[in-house]
Amino acid sequence: MTDMCEFVFRTMSVEERFRIVRSIGREELWNLLSKKAHPICYDGFEPSGRMHIAQGIMKTINVNKLTSAGCKVKIWIADCFAQLNDKMDGDLDKIQTVGRYLIEVWKAAGMNLDGGQVEFLWSSEEIISRAPEYWPIVMDIVRRNKLSRITRCCQIMGRKEQDQLTGGQIFYPCMQCADIFFLKADICQLGMDQRKVNVLAREYCDDIKRKNKPIILSHHMLPGLLQGQEKMAKSNPNSAIFMEDEEAVVNSKIQNTYCPPNFVDGNPCLEYIKTYTSFEELSADYLKGDLHPADLRPALAKAINRILQPVRHHFKTDENAKALFERVKFAVEQLKEKLMHYLFLLQGFEATKRSNVSHSPSLLINYKEKRSLSMENPPSK
């Protein structure tokens with residue numbers, strides 16, 4: 001596989017390499033590809049639970065495109081960033097377990113990891129071991145930017161500008177901006193939701209009079225399964241297809257996916273198909289009514305199941321992958337249980353405010369009963 005990829009790359013013209021890499025993002029590539037045979041691409045992720053197809057399949061497709069064009073891809077496992085953003089309850093051990101699980105998913109999904117063109121780097125290890133190199137970049141970015149400019153980047157963490165941000169969440173965009181220079185990245189290959197911090201990196205280049213700015217390739221993001229969801233989110237299991245979902249689960253989710261007849265814009269079924277095939281003729285047929293949702297949904301479910309089958313097989317037959325998945329599922333269920341606890345207490349508090357009486361003992365007993373019934377013994381490590 002490695003020898004074949006190297007042969008294909010060596011026989012490609014600059015035009016062919018430009019077309020492949022540009023197909024997942026935007027422009028400003030010609031000069032870079034004509035001067036540098038193996039440009040460095042930065043990609044990253046925050047380990048925070050199970051992986052859905054928007055992250056699992058799209059990243060696999062995009063990374064394989066980049067490596068086929070001769071790029072070296074550095075995938076930044078942002079474990080300390082997830083801790084700053086309070087993911088997995090800020091528990092670094094759980095976060096790193098999720099990180100190892102996600103790598104297993106990409107391996108099973110077909111990400112080309114042969115030949116050393118893809119490198120996984122743990123942010124906690126790299127930042128600690130190379131602290132004198134990392135922190136001066138972060139501090140310089142902090143020093144040169146107003147608080148309002150930094151908070152405009154909070155979308156990268158799944159937050160809003162009007163949210164009450166912690167000190168760590170304010171520092172987070174400055175650190176992510178620094179990652180680009182710390183990793184010596186030529187290209188930032190991330191989703192559209194990360195674009196603002198990539199623009200901050202380019203602005204920083206203007207501030208320090210750096211000529212070679214990182215090139216932004218903001219790839220297409222798959223929407224959720226439900227109406228009006230611009231981005232697939234794991235927080236609502238009904239709006240996402242997870243990489244280990246069984247065939248029957250995928251079929252059921254696709255059957256209930258928002259898919260209005262004769263309507264292309266905002267139709268998630270068509271968005272998913274666009275990822276894998278030519279879209280113009282398909283969308284024209286759908287607009288005319290020649291293609292109906294009753295035909296589209298089963299075909300889409302079949303295609304997704306075919307892609308996910310190697311992942312399912314890996315997590316059923318590989319003992320290490322299976323154990324990681326069980327630990328991730330248990331950690332996610334713990335977080336859901338904690339959220340239920342908070343919601344219950346909030347409901348009790350609101351009821352108390354309205355009635356101006358103390359919490360009802362019966363309510364608290366009822367909650368404790370529910371909690372004891374829902375708790376499970378953790379899986380062995």
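Biologist: Which residue stands opposite Ile215 in β5?

Modeller: Ile187 stands opposite Ile215. Keep in mind that this is a predicted model.

Biologist: What makes β4 and β5 a pair of strands?

Modeller: Five bridges join β4, residues 187-191, to β5. Pairing needs at least two bridges, so the two strands count as paired. They run parallel. Another of the bridges links Gln189 with Leu217 in β5.

Biologist: How does the chain get from β4 to β5, and what is the hand of the crossover?

Modeller: The path goes through helix α11, residues 195-207. This β-α-β crossover is right-handed. That label means the path over the helix runs clockwise when the strands point away from the viewer.

Biologist: What joins β4 to β1?

Modeller: Two bridges join β1, residues 40-45, to β4. The cut-off is at least two, so β1 and β4 count as paired. These strands also run parallel. Tyr42 stands opposite Cys188 in β4.

Biologist: Why is β4 called largely enclosed?

Modeller: Five of its five residues are buried, so the rest of the structure largely encloses β4.

Biologist: How many residues of β5 are buried, and which way do they point?

Modeller: Five of the five residues in β5 are buried, and the strand is mostly covered. Ile215, Leu217 and His219 point one way. Ile216 and Ser218 point the other way. Residues on both sides are buried.

Biologist: Why is Leu225 called buried?

Modeller: Its relative accessibility is 0%. Buried means under 20%, so Leu225 qualifies. Leu225 is in the loop between β5 (215-219) and α12 (247-255).

Biologist: What does Leu225 touch, leaving out residues up to four places away in sequence?

Modeller: Its contacts include Met232, Ile241, Lys253, Thr257, Pro268 and Tyr272. Tyr258 is also among them. Leu225 and Tyr258 are 33 residues apart in sequence, yet 6.2 Å apart in space, C-alpha to C-alpha.

Biologist: How do you know that Thr97 is buried?

Modeller: Thr97 has 3% relative accessibility. The limit is under 20%, so Thr97 counts as buried. Thr97 lies in helix α6, residues 92-109. Beyond residues up to four places away in sequence, Thr97 touches Leu324, Arg327 and Val328.

Biologist: Now a pocket. Which residues lie nearest the centre of the second largest pocket?

Modeller: Asn31, Leu32, Asn212, Lys213 and Ile215 do, out of 16 lining residues. The space in this pocket is about 440 Å³. Helix α3, residues 30-35, gives the most to the lining, with four residues.

Biologist: What classes make up that lining?

Modeller: The second largest pocket is lined by eight charged, six nonpolar and two polar residues.

Biologist: Finally, the whole chain. How many helices and strands does the chain have, and what share of its residues is buried?

Modeller: The chain has 17 helices and five strands. Of its 381 residues, 48% are buried.

Biologist: What share of the contacts with a separation of 6 or more joins residues 24 or more positions apart?

Modeller: The share is 72%.

Terms used. Residues numbered from 1 in each chain as written. Predicted model: local features only at pLDDT ≥ 70, side-chain atom pairs only at ≥ 80, totals over all residues. Heavy atoms only, no water. 1 Å grid on protein atoms, 1.4 Å probe; cavity = no way out; pocket = protein on both sides within 12 Å on 5 of 7 lines; lining within 4 Å. Points joined across faces, edges and corners; volume = space filled by probe spheres on them. Nonpolar A, V, L, I, M, F, W, Y, C, P; charged D, E, K, R; others polar. Buried < 20%, exposed > 50% of the residue type's maximum accessible area, 1.4 Å probe, protein only. Contact = heavy atoms within 4.5 Å.
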